[in-house]
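Visitor: Could you walk me through this structure slowly, and tell me what stands behind each term that you use?

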Amino acid sequence: MLRERRLQIAALLLSGLFLLSLFGAYDYYASLKKQHEEATATARDQWENQEEKNPHSAAHYGTYVFKPIYPLSYFDRGVDAFTGNTLFLEGHRSNQAKHRGAEDRSSFARLGVLTPAFVLAMLFPLFIIVLGFGSVAAERENGNLRLLLAQGVHPTALFWGKSLGMWSVVLVLSAPFFIAGASGLLVAGAGGEHWLRYLLTVLLYLAYFGCFIHLTLLLSAATGTPNASLVASLGVWVLVCLIAPKAAVNVAKQLYPTPSAQDYKNSLKEDLEKGVDGHDATDEFTKKLEAETLKKYGVDSVQHLPFNWDGFIMQKGEEHETYVFQKHKQRLLDVYEKQQWVHRAAAIISPYMLTNAISQRLAGTDVVSYFDFLAAAERYRVKLVGELNEDLTKNFKYGDWDGKRGKAFFAQNTKFEYSLPALDSVMPGLASSALAMLTWLLVSGLAAVFFFNKIRPV
Amino acid sequence: MIHAINLTKHYGDKVALDSLDLDIAPGEIFCLLGQNGAGKTTTINCFLGFVQPSSGQALIHGLDVAQYPIESKKHLAYLPEVVMLYPNLTGLENLDYFSRLAGCKHKKEELLLSLTTAGLEEKDSYRRVSEYSKGMRQKVGIAIALAKKAKALFLDEPTSGLDPKASNDFINILLQLRNDGVAMLMATHDIFRAKDVANRIGIMKDGRLVNVLDNNRNMLHAKEIEELYLQTI
């Protein structure tokens, strides 16, 4: 097969594309990783060296946190380009992530970024189809199949032979890239768990190739002519790689519509007004809380409380705001969760979607990983603002808005530490997708064997 | 060795093969004449198991082809009109590949012997099949049949498109195989070649074997056969 011109050209093309994507991806990763490290350091530096100010003013001053760039994200960038990886944290509000890679690109970016994962999942199947569409159909047409079967070869053995032949080419062609991917991991200095993730990723793509090898052979055996076989295989590719993912997104949105940004803001505002506002002393909820607190401590004015009323009321306001933001975000998350569920269910019909989902999860670049980061950032925000308000409550006198904190205080504020969720915690969520993938591999193989046994060379 | 009992094949209303009874003994060559669509290739396809007969049986070495599709093929070899082979492999590699499919692993010398016996020059065995002429590919096809040492040989218009020299060489190989006790069923349009090699000549029309001529002592004249052929069809 290696002597065939058509395959030589396709292999060359694919090699070039892959190396390009690997280089581009690694370059992107390295620069982003550097940016991320610098930005994280700068943000903390800015926080610690901010002008001396009242702790609650510091909460308004705010700080930035960044989603870490994982070693495997150069292999599969997932949704990172669309979700953004920078989050501004401040008192009173829970923000959305900023700096989406896709924002500074043209609409071309929507086609997908040329990552190794994209080449392997989207383009490699085309190579497999070119490799195998004629394996039975062309031999039927030129009469070799008659000679082949007259020699008494068992159809199942013929299937194994054909798939082995395809595997050898597929492995020879993909192995250098998997090795190149591993060297990228080596350069990134990734730890043991990332290697395990990478190993699983490689196995995943091999299973994915296996599905396409089976499907191509199946269609080659089931259709009469090479032309029909090619058209049918390409049809399956379009269905599995292009139509199914788009359809899943649309169906999910139809079934579980995402609320518009306007509605979201309005309902958020409405709920925010139904509670304590730390910055509005005339607010009815603030007045009610004031009366209750004074009664509890048996004093007649907030000046006589054993703590700083300003700090206390700021924290109470913060707690209410956090509660409201949480509630509304959760509502949004529930919608996303349901949409994700539709995606997962729809993925069963498309090995491409299964592969994407598993690969992104292993790389830590899928939507679930993103939400995990957001949740961690929000927990950090609540903790940091809590620290600041607590300091104001305990260590400052009522009305002392001129009291200031400097570097010594800000430097000992809690730091944001977030890393990739451990593989152990990720694996259970992958079980069903992995099972679906194996089922695809097995069923497509069995179906191919079935059609090979039905081959009639006339 | 090659045995058909009431072998019949329908395609819808059309009868492709009508109650064929045929018994070819070891060391016998049976030639089938007939127009295109008379049922010659359908007959061969039934013996190769490529076509499921509507009724009746096709037996190779006593094995029902429909029942034992793989086992029955151990005893037969097949030479199609056009031997395509794999153009990127050499003649020798092609022979090796097809022999392995049949479950025989021959030494290189044995393979080369089969090829030279089939009339292919040794230096040509190492060239890629893409450079071969039709005659040379046909010779590799014969070598595949020879290497299998089959007891029954099916030939579907094997001499069409061959030059007279190649055709003559080919006939000599068939005669040699006959002496070795191989039973052969050959579909052909070539009345002269049929007269030269056949023990019996059958003429088919609309799926029926209409006439069978005895040619055991090579006593038939081509003219007689041709006249009968023209009358029959």
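**Buried helices and a chain contact**

Guide: Helix α13(A) is mostly covered, with 12 of its 13 residues buried. This is a predicted model, in which local features need pLDDT of at least 70 and side-chain atom pairs count only at pLDDT 80 or more, while totals for chains, interfaces and linings use all residues. Residues are numbered from 1 along each chain as its sequence is written, chains are lettered from A and ligands numbered from 1 in the order in which they are written, and side-chain values use heavy atoms, with hydrogens and water left out.

Visitor: Which elements do the buried residues of α13(A) pack against?

Guide: They pack against α4 (116-132), α8 (192-222), α9 (226-255), α12 (309-347), α14 (367-395) and α16 (423-453) of chain A. Helices here are DSSP runs (H or I, at least four residues), and strands are runs of E of at least two, numbered from the N terminus. Just after α13(A), A:Gly364 takes a positive phi of about 75°.

Visitor: Why is B:Asn215 called buried?

Guide: Buried means under 20% relative accessible area, whereas exposed means over 50% and partly exposed lies in between (1.4 Å probe, protein chains only). B:Asn215 has 2% relative accessibility, and therefore counts as buried. Its place is in the loop between β10 (208-214) and α8 (222-232) of chain B.

Visitor: What lies 2.9 Å from a polar atom of the side chain of B:Asn215?

Guide: That is the backbone oxygen of B:Lys195, and the backbone oxygen of B:Ala198 lies 3.0 Å from a polar atom of the B:Asn215 side chain.

Visitor: Why is α5(B) described as largely enclosed by the rest of the structure?

Guide: In α5(B), 14 of the 15 residues are buried, so the helix is largely enclosed. As for its length, the expected span of a helix is 1.5 Å times one less than its number of residues; for residues 134-148 of chain B this should give 21 Å, and the end C-alpha atoms are 21 Å apart, which agrees.

Visitor: How many residues of chain A are in contact with chain B?

Guide: Contact means heavy atoms within 4.5 Å, and 19 residues of chain A are in contact with 29 residues of chain B. The count of salt bridges between the two chains is 0, a salt bridge being a side-chain nitrogen of Lys or Arg within 4 Å of a carboxyl oxygen of Asp or Glu. On the side of chain A that touches chain B, the largest share, 6 residues, comes from α6(A).

How values were computed: A polar contact is a pair of N or O atoms within 3.5 Å; within protein, one must be able to donate a hydrogen and the other to accept it, and residues adjacent in sequence count only if both atoms are side-chain atoms.
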